[in-house]
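Good morning, and thank you for the time. I shall walk through one structure, element by element, and then turn to its pockets.

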Amino acid sequence: MRILVIDDEPVICDGCRMILSAKGYHVDTSPTGSTGLRSIAAEAYDVILLDMKLPDIDGMEILRHVRADQPAVNVIVMTGYSTVSNAVEAMKLGAFDYLAKPFDDEQISLAVKKAVENKRLKEENQFLRNQIFERYNFNNIIGENPRILEIFYKIRKVAPADTTVLIEGESGTGKELFARAIHAHSRRAGRQFIAVDCSSFSASL
């Protein structure tokens, strides 16, 4: 995991590098906002530790830039001017966590650990989503018959819509496969698909 520390205080940069390197992270440091932005553009970081008060660029501006260009990167905001309003603004802009200076070894280690675990979970989630999408991609549903191609067209048309869809057909014709294809291409693709066997319910239900 690669971490970037953007802070104009050498003691903070050196301390973070020493603490986090001992935990097995690769740590780079930048003393100004401009050098920090250049590092972000040149390297792929997993976590950024960002000071709010920099000599050249406001930390909030850097946070906005990172959230817009690299939303997968978790940003931990650091400041010696800790106020509730600052914390609220940073979190609204998408900061993952907020650390008030001075902080100790345990605080910085725990904050980075949580940010790293969160990023890993998001990456695993995205990987599983991609697998589901690929599994139920139209290319994986075999059929060159014009009727099948017509169904593909209808699925592409109906999948993005927020509406109820009824699929009819005899047993074994692939109704659930097409239902999963619709779900995989819908706005709910990131949520769970639940298949319910109505024959398992009692007659009264």
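This is a predicted model: local features need pLDDT of at least 70, side-chain atom pairs count only at pLDDT 80 or more; totals for chains, interfaces and linings use all residues.

**Helix α1 and its cysteines**

Helix α1 covers residues 10-21, and at 1.5 Å a residue its 12 residues should span 16 Å; the end C-alpha atoms are 16 Å apart, which agrees. The expected span is 1.5 Å times one less than the number of residues. Helices here are DSSP runs of H or I with at least four residues, strands are runs of E with at least two, and both are numbered from the N terminus.

Residues are numbered from 1 along each chain as its sequence is written, and side-chain values use heavy atoms, with hydrogens and water left out.

Which residues of α1 are buried? They are Ile12, Cys13, Gly15, Cys16, Ile19 and Leu20. Buried means under 20% relative accessible area, exposed means over 50%, and partly exposed lies in between, with a 1.4 Å probe and protein chains only. Cysteine 13 counts as buried because its relative accessibility is 6%, and cysteine 16 does so at 1%.

How many disulfides does the structure hold? The number is zero, a disulfide being a pair of cysteine sulfur atoms within 2.5 Å. Cysteine 13 is in no disulfide, and the nearest cysteine sulfur, that of cysteine 16, is 7.1 Å away.

Aspartate 51 lies in strand β3, residues 47-51. With a relative accessible area of 3%, aspartate 51 is buried. Isoleucine 6 is 45 residues from aspartate 51 in sequence, yet the two are 6.0 Å apart in space, C-alpha to C-alpha.

Further along, lysine 101 and proline 102 are joined by a cis peptide bond, with omega at about -5 degrees. Proline 102 sits in the loop between β5 (97-100) and α5 (105-135).

**An aromatic pair**

A search of the whole structure finds one aromatic pair. Phenylalanine 152 and phenylalanine 178 form this pair, which is tilted, at 6.5 Å centre to centre and 50 degrees between the planes. Rings of Phe, Tyr and Trp (its six-membered ring) pair if their centres lie within 6.5 Å; planes under 30 degrees apart count as stacked, over 60 as edge-to-face and the rest as tilted. The pair links distant parts of the chain, with phenylalanine 152 in helix α6 (residues 146-158) and phenylalanine 178 in helix α7 (residues 175-184), 26 residues apart. Both phenylalanine 152 and phenylalanine 178 are buried.

**Two pockets**

The largest pocket holds about 530 Å³ of space. A pocket is an open set of points on a 1 Å grid over the protein atoms alone, with protein on both sides within 12 Å along at least five of seven lines, and lining residues have an atom within 4 Å of a point. Its lining has 22 residues, of which Val165, Ala179, Ile182, His183 and Phe193 lie nearest the centre. Helix α7 gives the largest share of that lining, five residues.

The second largest pocket has a volume of about 370 Å³. Among its 16 lining residues, Ile151, Lys154, Ile167, Glu168 and Phe178 lie nearest the centre. Here the largest share, seven residues, comes from α6.

Terms used: On a 1 Å grid over the protein atoms alone, a cavity is a set of points where a 1.4 Å probe fits but cannot get out, and a pocket is an open set with protein on both sides within 12 Å along at least five of seven lines; lining residues have an atom within 4 Å of a point. Grid points are joined across faces, edges and corners, and a volume is the space filled by probe spheres set on the points.
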